[in-house]
Amino acid sequence: MRCLVTGGAGYVGSHVAQELLDRGHQVVVLDNFSTGHRKAIPVGAELREVDLGNVEETKYLLAKEKWDVVLHFAALSLVGDSMNDPCHYLKRNTETSLNLIQACVEGGVKKFIFSSTAALFGGENRVVPIPDDAGIEPGSPYGESKFFIERALKWADKIYGLKFACLRYFNAAGADIHGRLGEDHRPETHLIPLAIDAMLGRRPLLKIFGSDYPTNDGTCVRDYIHVNDLADAHIRSIDQLEHKSVTYNLGNGRGFSNLEIVRGIERVSGRSVPWEWGESRIGDPAVLIADSSRIRKETGWNPKYSSLDDIIGTALHWREKNPQGYNE
Ligand SMILES: NC(=O)c1ccc[n+]([C@@H]2O[C@H](COP(=O)([O-])OP(=O)(O)OC[C@H]3O[C@@H](n4cnc5c(N)ncnc54)[C@H](O)[C@@H]3O)[C@@H](O)[C@H]2O)c1
Ligand SMILES: O=c1ccn([C@@H]2O[C@H](COP(=O)(O)OP(=O)(O)O[C@H]3O[C@H](CO)[C@@H](O)[C@H](O)[C@H]3O)[C@@H](O)[C@H]2O)c(=O)[nH]1
């Protein structure tokens, strides 16, 4: 397949681009490097430096070249940021995605994979683990923007026949099992890389946001899914799109509290993580755990790196080998 990967210089997109290349597909990365890194683009992928806000350049790229599938990772993606700047998140994520969807329709693209999110499920009164057909109640403007794009894709299928997979990742974590790629957000806001950096002495300490959530130890619970397992899910989902569109929740079905993550890092590394309590972060739901039975049943997906030790171990390995991250 000839694949266009938007946001392929970012964390999840680079790992999926690598997996596509490993399986013999052609990959072109579209990125504006707002949060991505040139060095994260896997060897063998081509680059088109384009901002999806630029309608003309986006349309030109989609029309000029032929694509078997477009995988759309590029977005503003931080829950906390979106609470501070809601209009910017809503506008930017929906506008850039609509530009891309329209360009795909005009360019004759038939298959589209979209990075959706567990942040669609913000409300606290729902079934856990969360099935794909659970009621949507975004807890943040970020989640709301992703829900709008899911709806836009439904209309693009209905009106133009664009087949889509909405993949609602729970918390992406870990690093390439062969050590080629890792997680390097700047600034970093994610729990596991921050806790690892605190443990390595690269930052003074980790703050754990909130101690009075309605969970066993009072800290938030998340379902961490290894980024290589996510990559496999993307490729399996493409195969589903011959005749139908799909929406899948993607997680391991097991939740870990923020304190359990800190203890896990201490266990895997044999070193302590310096931490202190911080204020709760506005927009954070207490518990997010996926019911991924639909993708398992329909595609045979079965996460290989589901243990916390695999997730933390690969993240730690990459960070120790790349203390400056991608160093750009
Ligand atoms: N990381 C997670 O835990 C997680 C969980 C659920 C969903 N997601 C979604 O997965 C996707 C990837 O997340 P990530 O953690 O890899 O983020 P990331 O910030 O590492 O990657 C995003 C990439 O998109 C590029 N980009 C952003 N806006 C662009 C634009 N307008 N034009 C061109 N390129 C642009 C950035 O430069 C970057 O390379 C996002 O859509 C995010 O919402 C992530
Ligand atoms: O310094 C920190 C950073 C995070 N946390 C907590 O750790 C948990 C996980 O936070 P984080 O790693 O920032 O991920 P989320 O906010 O859960 O969001 C991620 O996972 C979502 C899906 O669940 C995606 O939609 C988002 O794009 C992605 O950033 C939350 O309870 C945070 O409050 C801390 O306590 N201290």
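Predicted model: local features only at pLDDT ≥ 70, side-chain atom pairs only at ≥ 80, totals over all residues.
Me: Let's start with H6. Is it mostly covered or mostly open, and how many of its residues are buried?
Reply: H6 is mostly covered, with eight of its nine residues buried.

Me: Which ones are buried in H6?
Reply: They are Leu191, Ile192, Pro193, Leu194, Ala195, Ile196, Ala198 and Met199.

Me: Take H8, then. How do the axes of H6 and H8 cross?
Reply: Their axes come within 10 Å and cross at roughly 45 degrees. H6 and H8 are therefore oblique to each other. The crossing of H6 and H8 is right-handed.

Me: Which residues make the contact?
Reply: From H6 they are Leu191, Ile192, Ala195, Ile196 and Met199, and from H8 they are Asn258, Ile261, Val262, Ile265 and Ser269. By class, the contact of H6 with H8 has eight nonpolar residues, two polar ones and no charged ones.

Me: What comes just after H6?
Reply: Glycine 201 does, and it takes a positive phi of about 80 degrees.

Me: Another pair now. At what angle do H1 and H7 pack?
Reply: Helix H1 (residues 11-22) and helix H7 (residues 227-240) pack at about 60 degrees, and their axes are 9 Å apart. That angle makes H1 oblique to H7. The crossing of H1 and H7 is right-handed.

Me: Who meets whom there?
Reply: On the H1 side are Val12, His15, Val16, Glu19 and Leu20. They meet Val227, Asn228, Leu230, Ala231, Asp232, His234 and Ile235 in H7. The residues of this contact divide into seven nonpolar, three polar and two charged.

Me: Which residues of H10 are buried?
Reply: Leu308, Ile311, Ile312, Thr314, Ala315, Leu316, Trp318 and Arg319 are buried. The buried residues of H10 pack against strands E7 (171-173), E10 (224-226) and E12 (256-257), as well as helices H6 (191-199) and H8 (258-269).

Me: Single residues next. Where is tyrosine 213?
Reply: Tyrosine 213 lies in the loop between E8 and strand E9 (221-222).

Me: Is tyrosine 213 buried or exposed?
Reply: Tyrosine 213 is buried, because 20 other C-beta atoms lie within 10 Å, and the cut-off for buried is 20 or more.

Me: What does tyrosine 213 touch?
Reply: Leaving out residues up to four places away in sequence, tyrosine 213 touches Gly218, Thr219, Cys220 and Ala286. Tyrosine 213 and alanine 286 are 73 residues apart in sequence, yet 5.9 Å apart in space, C-alpha to C-alpha.

Me: Last one, serine 293. Where does it lie?
Reply: Serine 293 lies in helix H9 (residues 293-299). Serine 293 is partly exposed, with 14 other C-beta atoms within 10 Å.

Me: How far is serine 293 from leucine 250?
Reply: Serine 293 and leucine 250 are 43 residues apart in sequence and 9.0 Å apart in space, C-alpha to C-alpha.

How values were computed: Residues numbered from 1 in each chain as written. Chains lettered and ligands numbered in written order. Axes fitted to C-alpha atoms, helices over the stretch in contact; angles between N-to-C directions. Helix = DSSP H or I, 4+ residues; strand = E, 2+ residues; numbered from the N terminus. Parallel < 35°, antiparallel > 145°, perpendicular 65-115°, else oblique. Left-handed = near helix turned anticlockwise from the far one by under 90°. Contact = placed C-beta atoms within 7 Å. Nonpolar A, V, L, I, M, F, W, Y, C, P; charged D, E, K, R; others polar. Buried ≥ 20, exposed ≤ 12 C-beta atoms within 10 Å, placed from the backbone.
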